[in-house]
Amino acid sequence: MEINQTLNLNLGLPLTPQKIRLMKKIGKILSWIFSFMEHYIFKFWDVLPLRLRQKMTMLGWNIYLPLHRLLLGRRTAIHPDSSYEYHALSTMMWWSRFFPQTVQRIRFSLSQMNVWHPPEAYPPLTPTAILSGKSKTQRGGTTTKDYNDKGERLDENGEVYESWGIHALILDIVHDMSTNTKEEDGCEKGIVTGYFIQQDPKKASDKVLMWVYGGAFLGGDAKGNLPIAEKMGHYSNNMDVFIPDYRLLPEYEFHHALDDISLAYDYLLQIRHISPSNITLLGISSGGGLCTSMMQNIAKSHHYHDDDEDRQIVESSNLVNGEESKSELWKKNPKMPSGAVLVGPFVDYTEPEGSMKDYVAHDLIVNTAVLGLGLPYLDAQGNHEQRVAISPVYQSFVGLPPLCIVVSEHEAVYDQSILLANKARSEGVCVVLGVWKYMCHVFPLLCAFLPESRQSVDFMCDWIKNH
């Protein structure tokens with residue numbers, strides 16, 4: 001794209017390393033060598049206490065950053081106006097595009113998000129205790145007999161099992177929803193699993209933030225998102241947070257992720273008895289796509305699509321003589337959440353074009369290696385028309401609640417995020433759009449390191465507090 005010609009690509013090097021065959025060969029050789037050791041390295045790292053891994057990570061960053069500032073300054077990121085921190089991060093992460101990605105590597109990387117967010121990192125929280133590590137993200141073979149009627153894990157004495165985050169109580173959730181809901185084909189739906197973060201150990205909050213992590217439908221897990229989700233909830237009027245797990249590719253089908261998130265939302269409504277008006281969604285990347293699809297399904301299922309009076313509301317964009325405008329239409333739906341924050345939403349599953357095709361040249365997260373791993377799984381979803389049909393950006397936005405979209409002007413999903421915002425606005429949805437320049441995909445999650453990310457976190461928390 002033309003905009004790429006104005007940026008400082010390739011760390012400012014006077015060559016294009018991607019075009020040098022030797023670089024690609026070296027990357028493949030190192031990847032092959034690493035493949036024999038990675039399982040043991042990952043396992044050893046995970047055995048270390050979380051607090052130790054956090055301290056080691058932050059110590060390394062605090063040593064590296066001033067050295068980079070002294071030696072390279074603002075010469076390596078895509079624009080000199082980026083912070084010193086982003087230049088340092090660019091120098092570190094840029095090289096990963098030469099290292100072939102696998103599902104295992106994606107999943108391990110995303111599982112380490114809890115390492116990036118120690119208590120003292122932004123936004124800071126004073127710890128009361130540290131996550132014990134007893135709660136398990138992988139619950140294979142777990143039955144619901146060890147859980148109460150809310151799905152909260154019980155200890156050997158029949159009491160609610162209590163583990164701790166930085167400041168809040170963490171409840172390990174496993175709840176069988178098969179008695180409440182059936183799939184369209186008549187098969188029983190699965191078990192809702194995840195973590196419920198209760199900010200006040202003595203009392204649940206009235207409002208809940210439902211956190212849907214991302215990972216291109218290939219990776220991500222609830223446990224890795226615990227620290228940053230806890231912090232965001234705390235700084236958003238001390239809201240409790242629910243982080244559900246969902247099934248991933250390639251072990252499961254594409255639609256299973258949406259099935260699981262929808263069922264998790266039903267869990268909040270039916271089992272924890274939380275009013276939809278007290279639920280705010282927060283979806284990250286592919287999680288943003290899942291949140292959008294779920295809200296669209298809720299809107300489709302509501303009777304106002306068949307109501308002549310309400311159809312007139314949809315067709316009118318103005319508030320006249322006290323009549324309801326279409327931006328307020330979502331309030332007529334008793335199951336619709338109060339709003340959603342979408343962080344770099346991945347909402348277009350058709351063939352990559354525009355920023356998704358060209359910005360991988362400089363995006364630190366969605367780079368050429370990540371795109372190369374993910375494309376075959378998207379191709380498997382069918383032809384162009386079939387992929388349009390499952391892409392939330394091409395569906396109706398009528399009846400959706402207010403949205404807050406946070407994106408970088410220079411990240412891979414920029415075009416589809418702007419398309420989503422414009423389409424939603426044209427169909428009556430109130431959209432607040434926060435755009436930062438020169439950042440990578442899902443940059444708000446890097447708030448422990450980047451000042452730009454901290455600004456975006458404050459922006460999102462302020463919006464959540466008002467919705």
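Guide: Start with D379. At 44% relative accessibility, D379 counts as partly exposed, because the exposed class needs over 50% and the buried class under 20%. One caution: this is a predicted model.

Visitor: Which residue does D379 pair with in a salt bridge?
Guide: R387. The two side chains meet at 3.1 Å, N to O. R387 is buried, with a relative accessible area of 3%.

Visitor: Why would two such side chains pair at all?
Guide: Opposite charges can pair when the charged atoms of the side chains come close.

Visitor: How many salt bridges does the count come to?
Guide: Nine. Another one joins R53 and D46, with the closest N and O atoms 3.4 Å apart.

Visitor: R53, is that buried or exposed?
Guide: Buried, at 8% relative accessibility. D46 is partly exposed, at 40%.

Visitor: Where do K465 and D462 lie?
Guide: Both lie in helix α14. They are three residues apart, about one turn of the helix. K465 is partly exposed at 33% relative accessibility. D462 is partly exposed too, at 41%.

Visitor: Let's zoom out. How many helices and strands are there?
Guide: The secondary structure comes to 14 helices and nine strands. The protein has 467 residues, and 53% of them count as buried.

Visitor: What about the surface area? How much is there?
Guide: The accessible surface comes to about 21,000 Å². Carbon and sulfur atoms hold 55% of that.

Visitor: And contacts? What share comes from residues 24 or more positions apart?
Guide: 76%, among contacts with a separation of 6 or more.

Visitor: Which residues does L110 touch?
Guide: Leaving out residues up to four places away in sequence, L110 touches G214, G215, G219, G220 and G224.

Visitor: Back to helices. Why is α6 called largely enclosed?
Guide: Eight of its nine residues are buried, so α6 is largely enclosed by the rest of the structure. The buried ones are L226, P227, I228, A229, E230, K231, M232 and G233.

Visitor: What covers them?
Guide: The cover of the buried α6 residues includes strands β2, β3, β4, β5 and β6, along with α14.

Visitor: And α4, how many of its residues are buried?
Guide: Seven of ten, so α4 is also largely enclosed by the rest of the structure. The buried residues are E85, Y86, H87, A88, L89, S90 and T91. What covers them includes α3 and, again, α14.

Visitor: Switching to charge. Which residues form the positive surface patch?
Guide: R21, K24, K25 and K28. K28 sits in helix α1, residues 21-35. K28 is exposed, with a relative accessible area of 57%.

Visitor: What about negative charge? Which residues gather there?
Guide: E351, E353, E385 and D415 gather in a negative surface patch. E353 is in the loop between β7 and α10. E353 is exposed, with a relative accessible area of 57%.

Visitor: Which residues other than glycine have a positive phi?
Guide: N237 is one of them, with phi of about 60°. N237 lies in the loop between α6 and β5. Y438 is another, with phi near 70°. Y438 is in the loop between β9 and α14.

Visitor: N237, buried or exposed?
Guide: Exposed, with a relative accessible area of 54%.

Visitor: And Y438, buried or exposed?
Guide: Buried, with a relative accessible area of 13%.

Conventions
Residues numbered from 1 in each chain as written. Predicted model: local features only at pLDDT ≥ 70, side-chain atom pairs only at ≥ 80, totals over all residues. Heavy atoms only, no water. Buried < 20%, exposed > 50% of the residue type's maximum accessible area, 1.4 Å probe, protein only. Helix = DSSP H or I, 4+ residues; strand = E, 2+ residues; numbered from the N terminus. Contact = heavy atoms within 4.5 Å. Patch = residues over 30% accessible without salt bridge, like charges linked within 9 Å, V, L, I, M, F, W, Y side chains within 5 Å. Areas by Shrake-Rupley, 256 points an atom, 1.4 Å probe, with all protein chains shown as cover. Salt bridge = Lys/Arg side-chain N within 4 Å of Asp/Glu carboxyl O. Lys, Arg positive; Asp, Glu negative; His and termini not counted. Charge placed at Lys NZ, Arg CZ, Asp CG, Glu CD.
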